[in-house]
Amino acid sequence: MKKKMLFRSCILIIAMVVAFLPATSQKKKASKLSDAEIASVAVAANQIDIQAAQLAQQKSKNAEVLNFAKTMIADHQSVIDKASALVTKLGVTPKDNAVTRHLQANAKKTMARLEAKSGPAFDKAYAQNEVTYHKAVIAAVDKTLIPDAQNAELKSLLQSVSPVLHTHLEHAEMVAKNLK
């Protein structure tokens, strides 16, 4: 039983990483993201994690999972609020782009997989998804969004978010480990 669950978790992780890679590869081939496109990616990435956390609040009865989900909603909403205030101040309108669309398409598939689970299986899948998602987002922020940002305030906001994402990753890893 544990082998089967571990195998499923591994498949989920590999699928998510592979799903993220094409966007990264496409990004390297394309020109750099504009600040408006970076704003769109940042808002979408935070909204995706909020949606997953809201699903966790609906489906989980595990106190540790519920606490983690509550933290994700509060922290990621705070980032959206800061990003929205910054783009308003700068007069920038977030611009839809291939990276944002790819993130949203993958999120839709992930949400469908999570919605199909219940009980401890959901808790484990949600926690593992958060580990995988935060690793991917940290890589995107550190290796793509921060280097591509032209506006100093946008770059500073992204740099301030990176440590929070690392804290989220550590928290998600702890929750996932405790659910094994």
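Buried residues are those under 20% relative accessible area, exposed ones are over 50%, and partly exposed ones fall in between (1.4 Å probe, protein chains only). By that definition, 46% of the 180 residues of the protein chain count as buried. This is a predicted model, in which local features need pLDDT of at least 70, side-chain atom pairs count only at pLDDT 80 or more, and totals for chains, interfaces and linings use all residues. Residues are numbered from 1 along each chain as its sequence is written, and side-chain values use heavy atoms, with hydrogens and water left out.

**Overall fold**

- The protein chain has six helices and zero strands, where helices (H or I, at least four residues) and strands (E, at least two) are DSSP runs numbered from the N terminus.
- Contact means heavy atoms within 4.5 Å; among contacts between residues at least 6 apart in sequence, 82% join residues at least 24 apart.
- The chain exposes about 9800 Å², of which carbon and sulfur atoms supply 60%; the areas come from the Shrake-Rupley method with a 1.4 Å probe, and for residues only the protein chains shown count as cover.

**Confidence**

- Mean pLDDT (the predictor's confidence in each residue, from 0 to 100) is 86 for the protein chain, and 83% of its residues reach 70 or more.
- Where pLDDT is low, the predicted coordinates should not be read in detail.

**Nonpolar core**

- A nonpolar core is a set of buried Ala, Val, Leu, Ile, Met, Phe, Trp, Tyr and Cys residues joined through side-chain atoms within 4.5 Å.
- The largest one has 47 residues, and I38, Y126, L145 and L158 touch the most other members.
- At least two residues of this core come from each of α2 (35-59), α3 (63-90), α4, α5 (119-148) and α6 (152-178), with α5 giving the most, 11 residues.
- Not counting residues up to four places away in sequence, L158 touches I38, V141, L145, I146 and A149.

- The expected span of a helix is 1.5 Å times one less than its number of residues; α2, with 25 residues, reaches 36 Å from its first C-alpha to its last, close to the 36 Å expected.
- Because 19 of its 25 residues are buried, α2 is largely enclosed by the rest of the structure.
- The 18 residues of α4 (residues 98-115) should span 26 Å, which agrees with the 26 Å between its end C-alpha atoms.
- Buried residues of α4 include H102, N106 and T110.
- N97 caps the N-terminal end of α4, with a side-chain oxygen 3.0 Å from the backbone nitrogen of V99.

**H76**

- H76 lies in helix α3 and counts as buried at 4% relative accessibility.
- The side chains of H76 and H134 are joined by a polar contact of 3.5 Å, a polar contact being a pair of N or O atoms within 3.5 Å; within protein, one must be able to donate a hydrogen and the other to accept it, and residues adjacent in sequence count only if both atoms are side-chain atoms.
- Leaving aside neighbours within four places in sequence, H76 is in contact with N46, D49, I50, H134, L165 and H168.

**N151**

- N151 is found in the loop between α5 and α6.
- Polar atoms of the N151 side chain lie 2.7 Å from the backbone nitrogen of E153 and 3.0 Å from that of L154.
- N151 and D35 are 116 residues apart in sequence, with their C-alpha atoms 7.0 Å apart in space.
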